[in-house]
Every structure is written in structure tokens, then in C-alpha cells.
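Please open the structure in your viewer and keep the selection panel within reach. The tour moves from one selection to the next and says what is there at each stop.

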Amino acid sequence: MKQIENIPDSGIFLFKSCMVSVEYPGIESSTTYVFDKLGIDYFVSDEQSCCTGLGYYFDLFDQMSTTAIAARNFAVARKNGYNNITPMCSTCYAINKKACALLNSNDEVRSNINSVFKQAGLDDLIYEQNSLDEVDNFYHVVELFLSKAKQIGKLKLKLNTIDFSGVRVAAHHACHYYKIQSDDMIGNPNHPLLIDTIAKSCGADVVEWYEDKTLTCGAGFSQIHVNRDLSLKVTHAKLESLKEAGVELLLHMCPNCQIQYDRYQPVIEKEYGTKYDLVHMNIAQFVALALGADPVKVCGFQTHSVPLDEFLVRIGVSV
Amino acid sequence: MTYVISETLSEYDTPICDTLAETVKKSLRTSDTIGIDRCLQCGACTSSCPAARFTDYNPRTIVKRVMENDISVIEDESIWNCFYCYTCHLRCPRNNSPTQIVQVLKQMAINKGIGLNKLEVLFGYGDAFSEFGVSKIPDLYVGQMEDDLGIRWREFKNNLDSVRSELGLGAVAVKDSGRGEIRAILAGIGFFDRQDLLKHMAKSKSNTVDEKGEIIK
Amino acid sequence: MLIGQYYIPNTSKYEDMNHSKDHVGVFICHCGGNISDIIDIRSVKQEIRSDNISTFDCEYLCSNVGQDLIKTSIYKHSLDKVIIGACTPAKHEKLFKKCVEDAQLNASMLEIANLREQCSWVHPNNLATTNKAISLLNGKIKRIQTALPLIPIQIPINPNAMVIGGGIAGINSALNLANNGIHTYLIEKEVTIGGNSAKIGKMFSPEKLAEECSMCSLSPLMNEVGSHPNITLITCSEVENVNGSAGDFRVTIRKKPRYVKDNCMACGRCSKVCPTYVENDYNCGVKDKKAISMRFAQSVPQIYSIDPDHCIELTGGECGKCRDICKVNAIDFEQKDEMIELDVGAIVVATGFDEYDASRKPQYGYGLFENVVTQMELARILGVNGPTLGKFARPSDNSMPHNIVMIQCVGSRDESKSGNKYCSRYCCMAALKHASLIVKKYPDANVIICYIDIRAFGLYENYYRAVQDMGVSFVRGRPAEVVQKANHNLVVKIEDTLTQELKEIPADMVVLSSAMEASAGTKQVANILNITLSEDGFIKEKHSKLKPVDTSRDGIFVCGTAQSPKDVTDTIAQSGLAAARTSAFISDKVIRLDPQIAQIERSLCNNCDECIKCPFEAISKDKLGNVDINPLVCNGCGYCTKLCSKDAISIAGYKEEQIMAEIDGVIEKGDVLAFLSREIPYATADNIGNSVAEYPANIKIVQVPTTTIITKAMIEHALIRGSQAVLMVEEPTDNPVGSFIYPLALKNFEQLKGELGKKGARLHFKKAYIPHYRGLAETFISLAQMEDIE
């Protein structure tokens, strides 16, 4: 089982996410900003591809193709000497972790993929059994933050940045981080508290429990496209519950959830004839802000659909 | 109805077995320890399920039908309501996973040409991935999103490159050499064959394919 | 430490005798055709019979007729030694030993040839099989000619018993033992005995529909314990260490101070003047107790105690009000931990259960919402001496809950890491009992039980039917979540799986039927006593049917919820059995140990101290500097025989000349000799027979304590006799003997292989596992076939 004490802070292969890149690039710049502040040794590669997670859960990609692409990305990490695969997206996390488990335990999968590599003349991609460990080499960025929560808190005090007290913050943990390989998550998967703990270390007033805390965001991969009404019903249910709990800022750890809440909150407001006094951030954006990052040049809040300007002014951040 | 296509891939996600439960257990999509045979029909999955809350989808009865080897379950429209949120997987006291089972059922449906209308709109994803090595929201949905998300989003998307460079970030796509590798891998593994066949099936609106993958009119 | 005496018989008179003139009786069992259908018993008898060897056969030797035949033949024919050809010795060796002892022969004057599991069941009906039977019997005949009588080692058993844990199981065990005349120490970690059953208010029973008052049953028993002349009750105490072994344990107890001396009159003045209120864990943590208090009115012993974490005086402040008011000067702030050493012959573990921590299922809101409680807490709430003094009230606002929803299997029947796989066995009945108590007293209350299966086994079904008749509702399904709405009201989200409806059931109070888990104390005590736990954390019984209260260690017994989840009725039945087993064990007065252990011939010993390297620490030096073997610890593995360069140590019954003699009789040209260690490997070979698998008849098995006793001389002897190959099969590493012996046995094998030079190629080594009998059979087959090629 994963132990918080054993989370590494070096050899981090920061695994880029498709939806971070094209929807909320500020999550990536915020993550590297915080990593730099914390002295974390990480690497970002321009050779790494997407994990295919969206395609996999669109029912387009099969497990073998997804696993082959993962094996290639593991080789990219290996080549650069950074073997702790650490995504910003929960689906990247789960997809890569499962691919690694399959490559280690299923001889047929491994030899099939390795022979494809050989035939294509890509011998340097060949995956050696157990060259990565599906538990010890896979982390989500939020776990790294959690392992450094105390340091973040101290640093924030030192920098004397924003006072979050009185801001009602809540967390939406991403399903694919804590429900798929639930034995390897940190904490109790029926009441995840990673984001809450990090936010508290930054002095936020955290609403740890609210109704439907573990309900999915509603994006459901193809659901928001193919089954739009159903998708929005789920998001609406959760937004209602957050309203009931008086939450003002919802923190995320997955770009897909953030799209669903931030992009579609105005749509839901229009379609359901309601109004939410709620803004959204990724936990990396929140921590970066807490450590003095520029809301535009680092956090990239200008890419959000629910404007943060008013909120930022209220907590004393000049935009 | 003839059983399908690109066997090099479907044998892994939907291996042909005597029973549906065996196919589920042997599929690469499901965990090795999946407890389908031990299902208690306790309903923890259904009561935890966001799709069941709003539709007639019932993961418990889906599992029951798989256990009873009721092949018609793959034609049940309700399986397309699953969010893949894995709450059933988390809450199941028997280590069973309705959401993984549904993934296998959907792959079986697709092999038979069922539900391709839901799939074909997403094909753009595979194309973009194989071209750039990154994922992309399928073009067919961008229009709906533009309508939904309005001008603020459209402007941001138009300025994506400059926003990224202001944030100190480089190109989105994988660099050229990498893209070649990705295409070679996907070709070698049989992904394109399968994708092409699915496109072909979707286009001809045919439900049946013979052993060679030829559409039966 | 050892009270017993290790007995080495004087063997000189036997050495003078010419054993070949001894009259040997060979008895062959037909086993109702199991043996006689395959082996031609008539030709076996013909072949073996000689001047001083008489042969007999019988349909069933294990029957009364068969036993009589053995006994009367010993007298009638003046037999000196007995060979039995029958099923595996694992089956009836004890019975046949008793037979020869009844006829005044020493038990070591008996040898058993395994003609069933290792002959008739594994070979076809042909001449080779009959010939193998003859050679197996010949081996035993030759071997027994070298046998010396062994006298069983006897150790006196300490007549006192100890019961660990003063719940209903421990109380009942201790009383049963004490009433049987056995002096019993009852050790309890709390300030009073009573355990969990003192908390539950009312109990259900199989034969009646009315609930019984728990304390009314328990309190008289507790008082009896307190006053019984044969019971020494030691409270506030935990077992810290245990030395010795069955019949002779030395237990170290740590007794914590209660800061009140035994002369306390229990007048209660101290508690009245005490200014500090503390959380009362007896009453769901309500702050209704003083820092000096009695746990509950019926506590035994009736002595107050001080909570050192909250007492002002003991936490460094100045108070002393209780000391000042006490008329008998019972308050003693100076008390310290006290260590007590006790010698006992047997131990009963009755360390009970802990209720599963329901906050490990946060989706049900325990620990998050005040009005979510467990069944154990509800028992307190409903109890007249509970936190609400019997008023049925919910925690958030003390109002009477109208809608009560109970959730079954919380932490039970759950494969996830936060649950337990097993059914906790008591919770269905506990939920029914509480539903019944509520509805009887408050007919307007609406009780709904969410269940997966209602397990009202046996006569409890009557109670279930009665509760159904009262109007209690049942919804079949495992709820997803409990949600809190305004005013601390709750909603239970569930699929009614019988109607396929998703329901949101409103509840003023939710009661979780939390699993029963092995208590922390159970795990701690099991560790100290070195007894085995089951996968689920309970103490594992030796055999669920034949030895249900014996643990993995002789002389230590278990009962109640320390052994598995169970209700009070079953606990009392089992604790009675544990007392009966303990009592029987102690009444034996002496413990007879297997004599086939290491023995030292001191005249040959040069005190080189090599044998002290015994991995089981059975060998040490006595005060005079002589090598001393502890018969309680020695398991007769034989490793020490390898360490001794003077041949001063041997295993009784397995001396080199005995093995050589057996090889002499058994091995013929072309045979494969298989040395099998006596526990797992021998049983694995038997299992080949039990499973109707086959291997060639030229495989000849000779049992050894472990393969470490095998010498170069033995192997060379077998090869000279014509053996084509020699196989050594050792205990697996996960067996208590194998874990130490396996590496040493492997080393011995490698050394022998080296010493044998070219012939070493014919020596093979393997370990065995009982379920993997096929692997052993395949090895047999391949060795037998390999020799064909040569």
C-alpha cells in the first residue's frame, strides 16, 4: 500500500495531459511553479504522447493499443532517467497504472507489444518486466502536494501571500484517482481528503463533508457529448449540494472534472434557471496562488469560463 | 448475425468464450480478480450509481443478466448510460466491477455493429491522436460546445497558442519523430485495421460482417 | 525450569540378547479388500513365514476382532515383536501401540508397514505389487530386530489453570474449571469482569421470544467468580510473557494500579466528592462518570478505581478530596505497576471481540453525523443504566427517534480492505432484538432493517417471524450512503433489490450493525502465547470439528469470540467445552511425550558443544557442564546427529543401524529408495494413495525424522543393494520444522552428493506439499523411468 512518507520528490516524470494542454494550460504552469518552489526534481518531455484515456473510455481504444502507447511513454520516461510517472489528470494516472500492471503480470500482453516494437524497429521502446512498479512508480500530482503539505504551509506563511480564512473551500476528488485502484489511494476512498488537507495547510476554511462528495462530476467521457442532458443532470445535482453547503471555491485534481464544472456551470445556470456563487480551480492553481504566483501569467485563470476576477479581488489578489 | 472482426484485437477485450461471464473474466479490460461469480445482488452498485439515479440503467440487473448468460444484454440501450465513474467498482463488497463488465459488453456490442451511431461521432478522436499524439475533443462536438460555452471559450481557443506561450509552455503536439513512432505502433498492433472497419461499418449502416470483415448486405 | 525427568532406558540387557531369535508376529490387514484385492496375501504370508516368524491375517485389523487377534496372539504365541501390514501409520498407529502395550509389550516393539496408501492404492494388481508388499514387510522385520524398548517421557502437569479474559466466555470457563476442583487464575485487563455482555442490556435466546435481562444472567455469575474459593481474580492486568510449554507454563502478568486498595467498601463517597467528570466508555463516551468511579453498579470486584489520565492529583495537581473522605484509607496515589509470576498447567484464551470501527465506512456517516450509532451503542441507549437512563433518545437533541433505519453487514461480508470477509453471525439477531425492544415499548416507532440476507439460523427463525409480525419492515439491499439533512435528520439511499426501486428512506436515527472483529487483546495475547491466528485475525482452532477449542499449541485452549464471531449462547456452550478440555488435560496429571527424540550417550560425548547449535534451542548444557536435551522442545528432527562427530547423539527409534536394517530388507535391484521426512513428505506420499494416483512399484519409501539424519553409509548401502537412485524429500519451508530444517537439509544433500563422487548423480532432493501430491508422484515416475533407460 502507498504510504505518504514514501512519496518521492525526485525522478518525477510530469506526465502532460491533453485536456490540461488545450483547456487549462495554467494547471501545468502552476504545477511546475509549485514544483520549483518546493525543489522537486521533475522532467517534462515533448516526446510524451497522450495516455489515450479519453479514447479508451470513448470505447474506441482497446486495452492492447492503450497499453502499447503507455509502454512507449514509459520508455520516454526511462530514456530521460525520470521513472516516477506523475500525471496531472486522474485518468492518465489510472490508465498508466493499469497498463504497467498488465505489462508486468501478463506475459502475452508484454510479448505482443514488444514484438510490435521490434517489428517497427523501435527496439529502444521494449518493456522489460517489472522495470516499473505499478504501485511505487505511479503518483498523481496531488499526492506530491500532499506529501509536502506542511512545507507548503510554512512557505506560504513566510511569503505572507493571501489570507484564505473565511473562504469556504471544498474539494472534488477525481473518481479515476481514488475509485479504480482504491487500495493504492492515500486515505479512505469513501471519504477522500487529500485536497482538503492541502487546502487547510494553506489556511483555507475547508468544508470536508458535503452531500454527494463522492459523486462523479458527470462528464462521463462521451456522456457530455453523446448524452448531454444526463451528464448535466449529474453535475446539476452536485452543484445544488455545493450550494446547500455554502461552498464558494471548488478545488479539482483532474481537467475533465474542471471542464465539466467550470465550462458547464454557466450552461446549467441558463438551462435550470439558477445561479451559483461558486468558482473553480485546480489544486495546483490554488497552491501556486497561495505561493504568490501571478493569476494570469502562471495560474492562467483567463482560460476559465466562470470568471474568477471578482473572487480574486475579494481575497485581495490584484488581477 | 456473424461474429466479428479484427480478431487480433477483439480477442483481448472480448475473447470468445462459452459464456458471457467467462468473456468478462478473460477480457483484458477487467481485473484478474473480478468477483462476478460471487455477486450477492445486494444493490450497492445501483444505489451508488449516478446513471441509475437519473435513468433506467441498473448495474445490478446487468450483472445478473451476464451471470445468466443473457446475450441480449449487449443490445440493452441502458448500458450506454454508464459514466465509467467506478463508484460501483469501489462500493462492491465482492470485488465485482459492473463498470468494467459494461465496458466489455459495449465492446461486444460494437463488434456486432450495435451502438455505432454513438461511436461514429467520436471517431475524430482516434484520427487526431494518431496524427498528433495528443487527444482532442471530436470535431463533431466542437460546434455544440461553441453553442454552449459561448464567445469567451471560442476566443480562448483561438488564442490558445499565445496563451500557452505567455504561460511559458511549448507546443501541444508530440514532436515529429514521436508521431511516427505512435503511428507505427498503432499500425503494428492492429488499431487502424479495427478503426477503419468500424468506420466502414458505421458508414454502410450495416449490422453484420462476415469472417473476413466484409459487410454483409 | 523443567520439572519433568527425561528417561533413558537402561538398554544393556537388550544388547546382550540375540534379537534374531525373537519371535516376530506379522499381522496383515485385508482392509475389506482395499489391500487384499491387489496384494496376494496368501503368497505374502508364505514368503515371510519362518521358524521364528508367525503370520496372521484379518479382514479388518482395526476392528475389535482384529485387535483381539493381535493381543491374544501375542500371549498365545509368546510374540516378542509385532509387525503390522495395513494402512498408513498416520491412521491407526496409536491404536495398535495401545494394543501391544495392553499385551505387555513395549510400544517400540511394533512396526507398521504401509501396505495401503503406499502400495495397494498406488500400484496395479500384479506380481510386482505383491513383491513390494513382501519387501516392505521384510524391511520392518529386519528393522525391528534392532529395536530397543523406549520408555515414554513423562512430565508432571501443574494442577492450576489460567483463563485470560473476564467476559462471559472467560467467566463461564473459570467457573466450570473451579467447580471441577481446579484452581484457576482469571486475568482481566479492565477494572471489572463482565466484558461486552455487561454492556448489552438485553439478550436474545433461541428458545424464547422474550428478551432476557443480560445483567440478570451475568451478575450472579460475576459474583460467584468474585467469591469462589478456587478462583483467583486478577483485574487491571495483562499477560506480558509466557515461558515453558504444555503442562508447565510460567506466565508473567503486569498489574496496573487502580489507586484504590482492596479494603475499599464501595460506599461511593469518593465519587461524590470528586470534582472531575470524564468520558464514560461504558456509556458511549458520555461525560457522566467521575475520575474515581465504579465501571457499573454490579462491578466485580466491588472496588473503585481512579482514571490516572484525568485525576487532578495524579496529573500533577492538588486535590486529594477522595483520600480525605475515605473512611477506610483505601485511596493510595502511590500505587505502581506490579509484576506477578504464575505457574499453570493449561491456559484458556477468552479475550473476546472489538466492535468494528464503523467510521471506516464514511459513506454511512458514523463519526460524521451524531445520529448514526452502532448496535452496541444502541444497546447502551436502550439500557436502563445507559447514558439516557433507559429513555430512547437520539444523540443530537435527545428527542425520541420515530423512524429508525438499521443497516446490516457494516464491515462484514465485505471483501474490501476496510471490511471483513466473514459474516459476523450475531448482527441479524441483534438488529431483530433491538427492533423488537423498540417496537414493543414504542408501538408508533417505524423500524426498517436494510439487509442482504437475514441469518436467523436454527431456532432463531421463530424470533424473526415474531419480529416480522410486530410490523418491523425489511428492505433488501446494501445502502449506498447515509446523508444528513436539516435538523440532523438523515436519509438512507438504497436500492430495494426486490422491487428494483431506488429509495431515499428518511431516518431520525440510523443504526449500523457493525462487524465483530478479533479484539486487539486477542491479537496481542496470541502473539505472546505464540498461537496461530486465522486469516481473519481470530485464534485458529486445531481442527474445526474434532478439536474446536484446541489451539496450535498443546495446553492452550480458546473459546468465545476470540475464536470466531458468535453470540452469547454459542459462547457459553464453547466456553464450557474449553473448560472441559482444560480440565481433562490437567487431570491427566502427567503429559506423555513422544520418545522418538534426540538422546545422548554421555560416555561418547567429548563436550565439543556442536550440538548446542540446535536451531530449535532444545539442547543446552546443564550446571555440571553436560549436554542436556529438553524433551519438551526437541521435535526429534535429527539435525544434531549430523553435528556430532562422536556419534553420541541419535534419534530414538531412528538409529543408523535401524535405518540400515530397513534398507536391507526393502531394497532390491532396480529399486528407487525414497527417504521421506515424517510430517509433510510422508503425508504427501499417503495423499497420492488417497487421490488414486499411481507410480511404479519399484519406488520404496523409508520414513525418517528429517533427511538431515541421512548418512553416506545409508546411501552407499542402498546403492550396493542395487538401488538405482536415492531420493530425499524434505519438509517445506512454511512448516514449523521445515522453516529451520530445509536449508540445513539442502546443505546435507549437497555435501552427500559431493562425498559420493560419481555416484552422487544418483542422489536427488525435493520438498513436498500435501496438496501438490501430483508433483511428488511425477518425481517418483520420472526417477523410476530414468532408471529404465540406464
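**Before you start.** This is a predicted model, in which local features need pLDDT of at least 70 and side-chain atom pairs count only at pLDDT 80 or more, whereas totals for chains, interfaces and linings use all residues, and side-chain values use heavy atoms, with hydrogens and water left out. Residues are numbered from 1 along each chain as its sequence is written, and chains are lettered from A, with ligands numbered from 1, in the order in which they are written.

**Stop 1: chains A and B.** Select both chains and display the residues in contact (heavy atoms within 4.5 Å): 84 residues of chain A meet 71 residues of chain B. The two chains bury about 6,700 Å² between them, with 63% of that area coming from carbon and sulfur atoms; buried area is the accessible area (1.4 Å probe) that two parts lose on being put together, summed over both.

Stop 2: Where does Glu23(A) find its salt-bridge partner? Select Lys157(B), whose closest N and O atoms with Glu23(A) are 2.6 Å apart; a salt bridge here is a side-chain nitrogen of Lys or Arg within 4 Å of a carboxyl oxygen of Asp or Glu. Across this interface there are 5 salt bridges by that rule. The side of chain A that touches chain B is made up of 38 nonpolar, 29 polar and 17 charged residues, where Ala, Val, Leu, Ile, Met, Phe, Trp, Tyr, Cys and Pro count as nonpolar, Asp, Glu, Lys and Arg as charged, and the others, Gly among them, as polar.

**Stop 3: the two domains of chain A.** Colour residues 8–125 as domain 1 and 150–314 as domain 2, bounds that come from an automatic or database domain assignment. Their centres, taken over C-alpha atoms, lie 25 Å apart. In chain A, 26 residues of domain 1 are in contact with 33 residues of domain 2, and the two domains bury about 2,500 Å² between them, 65% of it on carbon and sulfur atoms.

**Stop 4: a link between the domains.** Finish by selecting Lys97(A) and Asp184(A), which form a salt bridge with the closest N and O atoms 2.9 Å apart; the count between domain 1 and domain 2 of chain A is 2 salt bridges.
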